[in-house]
Amino acid sequence: MKRLECKDYYKAIEPLENVKINTMFAESVVKQVIAGSVYVDDIVNPRAFYIAHPCGMSLLIGESDNEEFKRDLFDYITNKNMIRHHQELLQADPAGGWPEVIAHWSEQEMLHRNTRVNFSFNRERYLNQKASYLNQDLE
């Protein structure tokens with residue numbers, strides 16, 4: 001993995017906009033609202049991005065076909081070089097083949113893999129349920 005300089009974080013903006021899962025924490029790093037790190041497969045023309053937020057969350061997006069990037073990422077995730085001192089919550093974009101790569105890694109190593117589910121608030125349904133509940137108390 002190659003670390004992008006802050007001045008080049010803009011290279012991750014468009015790929016990040018195409019991701020269909022929650023990316024707000026990664027956007028705050030890429031737009032330099034908060035300090036973080038962006039690692040890529042290629043400094044000049046990146047196609048894979050590992051965006052690390054200082055709170056311990058990270059996002060993996062882009063293409064999964066660069067073997068060197070995958071090897072470096074695997075070594076980082078498994079802490080082969082003992083450079084990571086805290087746990088991280090890695091989220092991978094379902095596009096680009098990353099879930100399959102991570103599933104393969106999980107079979108080989110002691111990685112804890114979960115599926116994240118995002119929820120949205122339905123105000124109308126909430127208000128209907130609340131009214132229904134309050135009406136039950138009055139009866």
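A residue is called buried when its relative accessible area is under 20%, exposed when that area is over 50%, and partly exposed in between (1.4 Å probe, protein chains only). The structure is a predicted model, in which local features need pLDDT of at least 70 and side-chain atom pairs count only at pLDDT 80 or more, while totals for chains, interfaces and linings use all residues. Residues are numbered from 1 along each chain as its sequence is written, and side-chain values use heavy atoms, with hydrogens and water left out.

Four salt bridges (a side-chain nitrogen of Lys or Arg within 4 Å of a carboxyl oxygen of Asp or Glu) turn up in a search of the whole structure. In one of them, Glu68 pairs with Lys2 at an N to O distance of 3.9 Å. Helices (H or I, at least four residues) and strands (E, at least two) are DSSP runs, numbered from the N terminus. Both partners are partly exposed: Glu68 has a relative accessible area of 42%, and Lys2 has one of 30%.

Another salt bridge brings together Asp65 and Arg47, whose closest N and O atoms lie 2.8 Å apart. Here, too, distant parts of the chain are linked: Asp65 sits in the loop between β4 (57-62) and α3, and Arg47 in the loop between β2 (37-40) and β3 (48-52), 18 residues apart. Asp65 is partly exposed at 46% relative accessibility, as is Arg47 at 37%.

Lys7 and Asp8 also form a salt bridge, at 3.4 Å from N to O. Lys7 is exposed, with a relative accessible area of 59%, whereas Asp8 is buried at 11%.
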